[in-house]
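This report goes through a protein model section by section. Please look at the sequence and the structure first.

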Amino acid sequence: MPCEMQQRRWRHRYCKMWKSVVAAIAFLAVGGSAFAASAVNKDAETRTLIVTEGGGKTELALAAGETVEFCPNGCFVTLPNGDLEALTGSETVEISGGVARIK
């Protein structure tokens, strides 16, 4: 093969590889920036949060000492005292003494 054809082939492979690397970095940047909210139950008894995401409600029961991650894309949470809070997905809900605090 003449040098000119080899250079064209390598240039094409290099461009293709570069596009793949850029796409992978973009995918990881978007995927890595999404965090989930977490809930920690520091009480000795089970506590329940009601999570509203995308129009659907689910009960999230936390056993004593349990920590769970939920709500990766933002949601509303009804706390044990009945308060409704909006979460973006990076907060920690800490339950202690039957009272929930968002940190």
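Among contacts (heavy atoms within 4.5 Å) between residues at least 6 apart in sequence, 42% join residues at least 24 apart. The model is a predicted one, in which local features need pLDDT of at least 70 and side-chain atom pairs count only at pLDDT 80 or more, while totals for chains, interfaces and linings use all residues. Residues are numbered from 1 along each chain as its sequence is written, and side-chain values use heavy atoms, with hydrogens and water left out.

The average pLDDT (the predictor's confidence in each residue, from 0 to 100) is 80 for the protein, and 67% of the residues score at least 70. Residues 28-33 have a pLDDT below 50, and this stretch has zero contacts in the model beyond near neighbours in sequence.

## Overall make-up

The protein contains one helix and eight strands. Both kinds of element are DSSP runs, numbered from the N terminus: helices are H or I with at least four residues, and strands are E with at least two. Along the sequence, the elements follow the pattern α-β-β-β-β-β-β-β-β.

The protein has 103 residues, and 24% of them count as buried. Buried means under 20% relative accessible area, exposed means over 50%, and partly exposed lies in between (1.4 Å probe, protein chains only). The protein exposes about 7300 Å², of which carbon and sulfur atoms supply 58%. Accessible areas come from the Shrake-Rupley method with a 1.4 Å probe, and for residues only the protein chains shown count as cover.

## The antiparallel sheet

Four strands form an open sheet in the order E3-E2-E5-E6, with antiparallel pairing. Two strands pair if DSSP finds at least two bridges between them. Strand E3 (56-62) and strand E6 (84-87) are at the edges and have a single partner strand each, so one side of each is left without a neighbour in the sheet. On average, neighbouring strands of this sheet are turned by 30° against each other, direction ignored. Such angles are taken between axes, which are lines fitted to C-alpha atoms (for helices over the stretch in contact), and run from 0 to 180 degrees between N-to-C directions.

Strand E2 (residues 47-53) runs antiparallel to E3, and seven bridges join the two. Leu49 stands opposite Leu60 in E3, and Thr48 stands opposite Ala61. E2 and E3 form a hairpin with two residues between them, and Gly54 in the turn has a positive phi of about 60°.

## Strand E5 and its partners

Strand E5 (residues 75-78) pairs with E2 in the antiparallel sense over three bridges. Thr78 in E5 is the bridge partner of Ile50, and Phe76 in E5 is the bridge partner of Thr52. E5 also pairs with E6 in the antiparallel sense, over four bridges. Here Leu84 in E6 is the bridge partner of Thr78. The hairpin of E5 and E6 has five residues between the strands, and in this hairpin Gly82 takes a positive phi near 100°.

What lies on each face of E5? Cys75 and Val77 make up the covered face, whereas Phe76 and Thr78 make up the uncovered one. In a regular strand the side chains alternate between the two faces of the sheet.

## The disulfide

How many disulfides does a search of the whole structure find? The search finds one, a disulfide being a pair of cysteine sulfur atoms within 2.5 Å. This disulfide joins Cys71 to Cys75, with an S to S distance of 2.2 Å. Cys71 and Cys75 are both buried. The torsion about their S-S bond is about -120°, so the disulfide is left-handed.

## The mixed sheet

Another open sheet of four strands has the order E4-E1-E7-E8, and its pairing is mixed. At its edges stand strand E4 (67-70) and strand E8 (99-102), each with a single partner strand, so one side of each is left without a neighbour in the sheet. From one strand to the next, the twist averages 20°.

Strand E1 (residues 37-41) pairs with E4 in the antiparallel sense over four bridges. In this pairing, Ala37 stands opposite Phe70 in E4.
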